[in-house]
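Here's a quick briefing for anyone meeting this structure for the first time. Have a look at the model, then read on.

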Amino acid sequence: MLIVYASKTGHVARFVARLGLKSLPLKDGRETIHEPCLLITYTTGFGQAPPEIIRFVENHRGLVRGVAASGNRNWGAHFARAADVLAERYGIKVIHKFELAGTPKDLEIIQEALHALSGTEQCATA
């Protein structure tokens, strides 16, 4: 399954790189895909989803199988809230929330979720 991601500070990009899977970084959200994906995003402002992620979801809602979000626990209730915003607004399943660039356990959780979301479909390596 394709990983589509947005990274502002580089934390999400590092996390996705460590997954070692086929991925597409979003620049402005106008990118096009033709296969199911998992979104991985940063959280911006006071718990919002980034505009490029919103634009992408508006155009590809039917292909988005889930979302994971990065955040900083210092933001308390707003920690990785971008995932919750997308779940509330578009009905996208929240897969996981992780801090900054994640831990090995966070990577494992995402790998397991991808396996479950893909069913018998294999995750392509980059």
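Before we get to how the helices lie, a word on angles: axes are lines fitted to C-alpha atoms, for helices over the stretch in contact, and angles run from 0 to 180 degrees between N-to-C directions. Contact here means heavy atoms within 4.5 Å, while helices (H or I, at least four residues) and strands (E, at least two) are DSSP runs, numbered from the N terminus. This is a predicted model, where local features need pLDDT of at least 70, side-chain atom pairs count only at pLDDT 80 or more, and totals for chains, interfaces and linings use all residues. Residues are numbered from 1 along each chain as its sequence is written, and side-chain values use heavy atoms, with hydrogens and water left out.

**Helices on the sheet**
- α3 lies across β3, β4 and β5, and runs at about 160° to β5.

**The sheet**
- Five strands form an open sheet in the order β2-β1-β3-β4-β5, with parallel pairing (two strands pair if DSSP finds at least two bridges between them).
- β2 (23-25) and β5 (94-99) sit at the edges with a single partner strand each, so one side of each has no neighbour in the sheet.
- From one strand to the next, the twist averages 20°.
- β1 (residues 2-5) pairs with β2 in the parallel sense over three bridges, and Ile-3 has Ser-23 in β2 as its bridge partner.

**A look at Arg-81**
- You'll find Arg-81 in helix α3 (residues 81-90).
- Leaving aside neighbours within four places in sequence, Arg-81 is in contact with Thr-43, Gly-47 and Glu-88.
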